[in-house]
Amino acid sequence: MTAYIIRRLLYALPILIGVNALTFVLFFVVNSPDDMARMHLGGKRVTDQAILAWKEDHGYDKPLLINQSREGSAQLTDTILFEKSLRLFVFDFGQSDNGRDISHDISQRMWPSLAIAVPTLLVGLAVNITFALLLAFFRASYLDFWGVVICVGMMSISSLFYIIGGQFLVGKLLNLVPISGYDTGVHAWKFMVLPVIVGVIGGIGSGTRWYRTLFLEEIQRDYVRSARAKGLSEHLVLFRHVLRNALIPILTGVVVVLPMLFIGSLLTESFFGIPGLGSYTIEAISNQDFAIVRAMVFLGAVLYIIGLLLTDISYTIADPRVRLD
Amino acid sequence: MSFQPVILWTDALVYLLLLLIAVTIWHTRRHEHLLQPWRRVSASRTGQAALVVLLFYVIIGLLDTLHFNPRVDPGAPGDAVYSTEVLSVFDVIAGPLRTERETTYSAPFATHLFSKKTVYRPDGSAVREYPRLRYGGSHLDEHGNGKLADIVAKGALGALQGALVWLVLLLVLCLMQPARLLRLLSGRTPTPWHVGAWTALVVVAVFAALWELSEHYHILGTGKVGEDVFFQALKSIRTGLIIGTLTTLVMLPAALLLGIMAGYFRGWVDDVIQYLYTTLNSIPGVLLIAAAILMMQIYMSNHAEQFSSLTERADLRLLFLCLILGVTSWTSLCRLLRGEALKLRELDYVVAARAFGVADFRILLRHVLPNVMHIVLITIVLDFSGLVLAEAVLSYINIGVDPATNSWGNMINGARLELAREPVVWWSLIAAFGFMFTLVLAANLFSDVVRDAFDPRLRQQR
């Protein structure tokens, strides 16, 4: 098991190198640092001196790959590739384009993201499994049919509609909770309720339908027939056998997204004004702060790879038939 | 000639797509085994109803794709001078809908503006009042009396015209034989064509009624600078369809080639291709799109001279968005194709072909490719609705289509802040969400039907 995990971590290295190379090309080769400086300083009528000064301030004044003016190993280390890209591997994100420490920002802003994302995931899971079990219990009935129809309908509604509609209905018309904002400590719940509810409702359509399919697949298995044949009641079959076995794909599907919860949801956070990593990314995009976007791309890739690893491990725990070696 | 045709990049790709579809239809019609799954699709009532709605959207989108430069001053003698403005056939059909602008917001079917303005009377006095709209309900009197009766009458007239058009079209389709038409409408044909026909009636009649009304009112109100929201929503159809279809079209060659090669050749080819798509896949899609679009924005603002017109620039940005969405979404198809090719390469007929010494390239083309096409088709229709929804979200974060392009995302983005007004400006939002919902729902229903008909695994269960 340990050997497997170590091997998987080593496999992750080339992928991270690939991600790093891709972001390097995207951010420094497609557009030169000069272009970036011009963009930030605004338009065509920028003096070369201003561009040079901006690049020096932000550490973009070095050569891309090899620094000819330096000696020895500094030829390779005193470059943009090393300073801006390779340092990501040790999670040294450097400074953002407006001079803030990105690592510090990330460690501060991941908590609000988690505070919204974790309840959304847990409540959503409970709600979706309940509805899916209900539909599976009443399968091939009118309830099932219309349940699926409603699911497809809910899937077809834009997530923007849920957010805007939720803010309008609960926040503005009913005046129950604040429309947006965030608070630390105990008072945070007031700001968390609406995003969580909106997030859960937005996910019901696809979630319920997907879980229902899983349950129905499981219901057709032989062991379910045997359980019925020995005289178990339908709800016992459903809860004791079907639910337990269908939980394997459900849980492993959840494990994949667990690390990504840190990043949070871009849309929800920016709409509800939650100071998490999602809105951090959105702000960076609209301010064209490439250092932050680059850091988030790398962080996202790392978290995704961790998610895949966790999935494989969770298979062995949830399903004893799977052995990793 | 009073116009000069213009083919934008996305137009060209749409024509290519149409050509591909035409070739596919021609090829499918000559092979019974390819026709089989389509028969199952047409036997589904949901599938037919959804397809009719989709076709309706596609027709509007296609009309909006035929672009041209109108001639400046068509009657003048001498050499023709063409305007740089790019219009589409749909713009011409819409006519007054495009040109009749109010000054600012007005509610659906309103006869007066939404906000008060200072109006100067002929006698010199100034009053604060809701000014009369210039075009909306302009055939009514000053206070808009008798509006309701007029709306009902105009709507009924439009619906009736629509129903007539529908009847004539169906008669032509039934080769001018009324008996055939009756049999079709009463559902006595082996395939339930009557579902599609009646859905078409509803769609055509409703649209005709709205169209008739829109000539006299702003049926979905007007936007911030007085543009007709109904027209905006209709123009956005093209953007939605383009994102939904061209994205898949541009990623298809790469996904097909790499996926099949990885599965068929195994070995180092497989390793390299797997590495490629795992790397791309591990970057969260939104972030990759954001990074790429940001870079493109810089490029475009630093090289503004390369684009001859704003329309062309907006069009290229749309195409680029399709490309980058394609880059983030080809990986799942590639993985599916690789798995299928892995399975196919061990099958008897492929092994036999190899034993006969058939070249690898030929085997891929003749034996593997045709047998993975069902996966490609299912992916195309399944991805469509997600892409349409993604456009709205991306445009909201400002990494979507050009702000000058008509799209549902831009409509939502523009109208979002107006919800804080009192009373609320809701019509732009509802119009965008409504049009998007109809398209996505139809696409979702249709994709389910297509998946059920084409997936051999699902077929065996029944």
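# Close-up views of a predicted two-chain model

**View 1. B:Thr222 and its polar partner.** A polar contact of 2.7 Å joins the side chains of B:Thr222 and B:Ser106. The model shown here and in every other view is predicted. B:Thr222 sits in a loop of chain B, between helix 8 (193–214) and helix 9 (229–265). B:Thr222 is buried, because its relative accessibility is 0% and the limit for buried is under 20%.

**View 2. B:His218, in the loop between helix 8 and helix 9 of chain B.** B:His218 has a relative accessibility of 4%, so this residue counts as buried. Neighbours within four places in sequence are left aside here. The contacts of B:His218 include B:Glu100, B:Glu102 and B:Ser106. B:Ala107, B:Pro108 and B:Phe109 are also in contact with B:His218.

**View 3. Helix 9 against helix 12 in chain B.** Helix 12 covers residues 310–344. The axes of helix 9 and helix 12 of chain B come within 5 Å. They cross at roughly 35 degrees. The crossing of helix 9 of chain B with helix 12 of chain B is right-handed. By class, 23 nonpolar residues take part in this contact, along with six polar and three charged ones.

**View 4. B:Thr248, a buried residue of helix 9.** B:Thr248 belongs to helix 9 of chain B. Its relative accessibility is 3%, so B:Thr248 counts as buried. In sequence, B:Thr248 and B:Trp330 are 82 residues apart. In space, their C-alpha atoms are 7.9 Å apart. Not counting residues up to four places away in sequence, B:Thr248 touches B:Ile380 and B:Leu387.

**View 5. The largest nonpolar core.** This core has 181 residues. Residues of both chains are among those with the most contacts inside the core: A:Leu160 and A:Met296, together with B:Leu234, B:Leu321, B:Val368, B:Trp408 and B:Ile412. Helix 9 of chain B gives the most to this core, with 19 residues. What does B:Leu321 touch, not counting residues up to four places away in sequence? The list holds B:Ile243, B:Ile289, B:Ile293, B:Leu394, B:Ile399, B:Gly400 and B:Val401. A second, separate core has 19 residues, among them A:Leu125, A:Leu216, A:Ile219 and A:Ala227.

**View 6. Two loop residues with positive phi.** Most residues other than glycine have a negative phi. A:Ala140 has a positive phi, near 60 degrees. A:Ala140 lies in the loop between helix 6 (102–137) and helix 7 (142–155) of chain A. With a relative accessible area of 77%, A:Ala140 is exposed. B:Asn398 also has a positive phi, of about 70 degrees. B:Asn398 lies in chain B, in the loop between helix 14 (360–396) and helix 15 (408–416). Is B:Asn398 buried or partly exposed? B:Asn398 counts as partly exposed, at 48% relative accessibility.

View 7. A:Pro249 lies in helix 11 (residues 234–257) of chain A. A:Pro249 is partly exposed, with a relative accessible area of 35%. A:Pro249 and A:Tyr315 are 66 residues apart in sequence. Their C-alpha atoms are 8.8 Å apart in space. In chain B, B:Thr278 is part of helix 10 (residues 267–282). B:Thr278 is partly exposed, with a relative accessible area of 23%. From B:Thr278 to B:Ser332 there are 54 residues in sequence and 9.9 Å in space, C-alpha to C-alpha.

**View 8. Chain B as a whole, for orientation.** Chain B holds 17 helices and six strands. Along its principal axes, the C-alpha trace spans about 100 × 65 × 55 Å. Of the 462 residues of chain B, 49% count as buried. Take the contacts in chain B between residues at least 6 apart in sequence: 70% of them join residues at least 24 apart.

Terms used:
Residues numbered from 1 in each chain as written. Chains lettered and ligands numbered in written order. Predicted model: local features only at pLDDT ≥ 70, side-chain atom pairs only at ≥ 80, totals over all residues. Heavy atoms only, no water. Helix = DSSP H or I, 4+ residues; strand = E, 2+ residues; numbered from the N terminus. Buried < 20%, exposed > 50% of the residue type's maximum accessible area, 1.4 Å probe, protein only. Polar contact = N/O pair within 3.5 Å; in protein donor to acceptor, adjacent residues only side chain to side chain. Axes fitted to C-alpha atoms, helices over the stretch in contact; angles between N-to-C directions. Left-handed = near helix turned anticlockwise from the far one by under 90°. Nonpolar A, V, L, I, M, F, W, Y, C, P; charged D, E, K, R; others polar. Core = buried A, V, L, I, M, F, W, Y, C linked by side-chain atoms within 4.5 Å. Contact = heavy atoms within 4.5 Å.
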